[in-house]
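Subject: Model for your review

Hello,

Here is the structure we discussed, with notes on what was found in it. Please read the notes alongside the coordinates.

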Amino acid sequence: MHSRKRILAASLATAVSAVGLTVAGVAVPAQAAGPGTVDCDGWVHNNDPDVGIAGCQNNTDHTVTFRAEIVCGWAPDVSGNWVTLNPGQYSESTGSCAFYSTGVGSVGWTIQ
């Protein structure tokens, strides 16, 4: 009984640590669309659970560059291709988890 509690506690601690690293690390929260913002969203590919996609709309008056940051279960996390957006443009960045992954856990993005 005690070993089950310890395993559960260790699992919860690992999950909380992973969420904390994702939030503090590379994931950028979505911003509401409007003048002067970059509006992004992340999702898992409809037909391939190993592919993560981040799409961004550049609503600023300057060029921005972004890429997808994909968290992969049981495999190293991956980053998508860098994409440059001129003002008013929309595009997507994708990345694929390794074949032995349990699939995409979450998709974030990095904006430069």
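A disulfide is taken here as a pair of cysteine sulfur atoms within 2.5 Å. The model is a predicted one, and it holds 2 disulfides.

Disulfide Cys40-Cys56

The sulfur atoms of Cys40 and Cys56 are 2.0 Å apart, and the two residues form a disulfide. Cys40 belongs to strand S1 (residues 38-44) and Cys56 to strand S2 (residues 51-58); the pair links distant parts of the chain, 16 residues apart. The torsion about the S-S bond of Cys40 and Cys56 is about 110°, so this disulfide is right-handed. As for accessibility, Cys40 has a relative value of 4% and counts as buried, because the cut-off for buried is under 20%. Cys56 is buried too, with a relative accessible area of 0%.

Disulfide Cys72-Cys97

Cys72 and Cys97 also form a disulfide, with their sulfur atoms 2.0 Å apart. Cys72 sits in strand S3 (residues 64-72), while Cys97 is in the loop between S6 and strand S7 (104-111), so the bond ties together parts that are 25 residues apart in sequence. What is the handedness of the disulfide between Cys72 and Cys97? The torsion about its S-S bond is about -85°, so the disulfide is left-handed. Both Cys72 and Cys97 are buried.

With bonded cysteines counted along the chain, the disulfides of the protein chain follow the pattern 1-2, 3-4.

Ser93 has a relative accessible area of 0%, so it is buried.

Regards

Technical notes:
Residues numbered from 1 in each chain as written. Predicted model: local features only at pLDDT ≥ 70, side-chain atom pairs only at ≥ 80, totals over all residues. Heavy atoms only, no water. Buried < 20%, exposed > 50% of the residue type's maximum accessible area, 1.4 Å probe, protein only. Helix = DSSP H or I, 4+ residues; strand = E, 2+ residues; numbered from the N terminus.
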